[in-house]
Amino acid sequence: MLSKERTEARGAAKAGHDRAPAIAVERADGGKVVTLSGVWITRSVYLVDAGVRAVEAEADAGATVIDISAVTRIDTAGAWLVERLAASLRAAGASVEIRGASPAAQILLPAVRPALEKEPQETKKPGFFVTRWLESLGRSTENAWKDFLYAMDILGAAIRGAQMKLGRGHAVNPAAIFHQIDRMGIGAIPVVVLISAIVGAIVAQQGAYQLRWFGAEIFIVDLVGILSLRELGVLLTAIMVAGRSGSAITAEIGSMKMREEIDALKVIGLNPIGVLVFPRLVALVVAVPCLTVIANAASLGGGLLVSWAYSGIAPETFIDRLHAGIDLSTIFAGLIKAPFMAIVIGIVASVEGMKVEGSAESLGRHVTASVVKSIFVVIVLDGLFAMFYVAIDF
């Protein structure tokens, strides 16, 4: 008999414990009392959401008491619904008091309150063109500054931490550097030679066409020689490397970032900058000057052939005039730029690769940004060098 009574008592308790949530509103002197009861958990609060919204819609400026003493169970979802009700009533000007909170409710209600107290984000409204342009300019400037800081961080880490493992003193594997030189340098020779020769030929043809009116076709040699050695050779090489190798660096590092291989390198104690960035940076610094020499030779060769075919300037005459028109300063003016452009390409490509997120769209976007930014910065750097050479009369 005693066992049967205990079973019935447990059944009654369980029935009350699992009761569906409910909400009731009673008018009182100078205000109202909102009574909540039942189980307010994730699986059941949807049953009372409409009732809570109805109470929120009828909110007024009177004093309101939310009595939750009859709530048998509550979790984060239920606490959020209670706090949302209280926030809506306060927004209508009512003074709200929550009574009868259980120990669990006393913990959960303050925890979910900050999420409701956050101010909603303002929707963007169409404004004047100048305002939108200035906003876009400000965001672009901020992003450029962040990219610059990130680039300096990677450059500093590559210079200071050129070891394979953090704090273990292992030197960089030369095989990795030679492998990258083979890919970025030797593999790029055909396209660099082709583009440089064509551009040199075009410069010679256009120069011959214009100088013919003045009877000064022999100065085609000076035009092709100085322009190729000082500007075109290194600039075309840097642009080709940025499009070919810079995009590859971004894609490789970005793919590793997507597959969390960079995080795996950190976990096993390897320096990602030393493993991924440093060998590619060294390879670019070695390969770009060598490619610049080849590009200079190809550009001069293209100019020589066009001058011979279009203006009748014999190769011997072309070479003699080239010796008279240029000197070592002309050659070194272009070669000095090459290592700096290589560093810029490698750093920009690495920064964009490290910024890749977990989607193919992000990878494509950052590869495109890498090429565009590298070419832009290379051209700006070339202009800065030109102004510097003029300032020092070089």
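Close-up 1. Ile-336 sits in the loop between α12 (328-335) and α13 (337-354); helices are DSSP runs of H or I, at least four residues. With a relative accessible area of 36%, Ile-336 counts as partly exposed (buried is under 20%, exposed over 50%, partly exposed in between).

**Close-up 2. The largest nonpolar core.** Here 44 residues come together, and Ile-154, Leu-284, Ile-345 and Met-354 have the most contacts inside the core. At least two core residues each come from α5 (129-160), α6 (174-184), α8 (220-258), α9 (261-267), α10 (272-311), α13 and α14 (360-391). A core joins buried Ala, Val, Leu, Ile, Met, Phe, Trp, Tyr and Cys through side-chain atoms within 4.5 Å. Beyond four places in sequence, Ile-154 is in contact (heavy atoms within 4.5 Å) with Ile-273, Val-277, Ile-347, Ser-350, Val-351 and Met-354.

**Close-up 3. His-366 in helix α14****.** This histidine is buried, at 10% relative accessible area. Skipping residues up to four places away in sequence, His-366 touches Thr-250, Glu-352, Lys-355 and Val-356.

**Notes.** Numbering starts from 1 along each chain as its sequence is written, and side-chain values use heavy atoms, without hydrogens or water. In this predicted model, local features need pLDDT of at least 70 and side-chain atom pairs 80 or more, while totals for chains, interfaces and linings use all residues.

Conventions:
Buried means under 20% relative accessible area, exposed over 50%, partly exposed in between (1.4 Å probe, protein chains only).
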